[in-house]
Amino acid sequence: MNAKSTRELEAQRAVLLRQLRRAGPAIEGSPAMVPRKCGSATCECAHGVVKHHAMILCKKVAGRSVATYVPKEMWEQVREWNQEHKRLKKVLKEMSALNEQIIRQHVQDKRQEQAVRKSLSVLPLQKGPSIP
Ligand SMILES: [Zn+2]
């Protein structure tokens, strides 16, 4: 793997930060359409025919599935919020991976710097100011 310089990594991170600054409303969960009964006794749905749907947004809370009912007039909005949540999650994940690389690069740079310093200190000393 060809390691990127810290400067390159920071430039990539700046792009991600700009993407985060453009964040809109976001909501976690998996949207699902489930059959719904309208309540009318004369409707086909009362006899098991699937005619209506409800939207729910499911997520896991402490290992249990929790659903939020979404009213029809909010379906489109909630789909957009949910897309935004996915986008932000991806950006955050990339940001985290980049910062891990920045940490590793920092450690590597420091090691290299120390190695250079060490190799300089073993050079035969010439007359002149001494290196502390
Ligand atoms: Zn019905």
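I take buried to mean under 20% relative accessible area. By that cut-off I record Cys45 as buried, because its relative accessible area is 2%. The model I am reading is a predicted one.

**Entry 1: cysteines**

I looked up Cys43 next and found a relative accessible area of 12%, so I record Cys43 as buried too. I then searched for disulfides and found zero in the structure.

**Entry 2: the zinc site**

Which residues coordinate the zinc ion? I noted Cys38, Cys43 and Cys45, each through SG, and His52 through NE2, at 1.9 to 2.3 Å. Along the chain, I read the spacing of these donors as C-x4-C-x1-C-x6-H. I checked the geometry of the site: the angles among the four donor atoms run from 102 to 113 degrees, and the site is tetrahedral. I also looked up the burial of His52 and found that His52, like Cys45, is buried.

**Entry 3: nonpolar cores**

I turned to the largest nonpolar core and listed its six residues as Leu9, Leu16, Val91, Met95, Leu98 and Ile102. Helix H1 (6–21) and helix H2 (75–121) each supply at least two residues of this core. The largest share, four residues, comes from H2.

What does Leu16 touch, leaving aside its neighbours within four places in sequence? I found contacts with Val91, Glu94, Met95 and Leu98.

Key. Residues are numbered from 1 along each chain as its sequence is written. This is a predicted model: local features need pLDDT of at least 70, side-chain atom pairs count only at pLDDT 80 or more; totals for chains, interfaces and linings use all residues. Side-chain values use heavy atoms; hydrogens and water are left out. A disulfide is a pair of cysteine sulfur atoms within 2.5 Å. Buried means under 20% relative accessible area, exposed over 50%, partly exposed in between (1.4 Å probe, protein chains only). Donors are N, O and S atoms within 2.8 Å of the metal (3.2 Å for Na, K and Ca); water is not among the atoms, so sites may look incomplete. Four donors count as tetrahedral if all angles lie between 85 and 135 degrees; four count as square planar and six as octahedral if opposite donors are over 155 degrees apart and all others between 65 and 115; anything else is irregular. A nonpolar core is a set of buried Ala, Val, Leu, Ile, Met, Phe, Trp, Tyr and Cys residues joined through side-chain atoms within 4.5 Å. Contact means heavy atoms within 4.5 Å.
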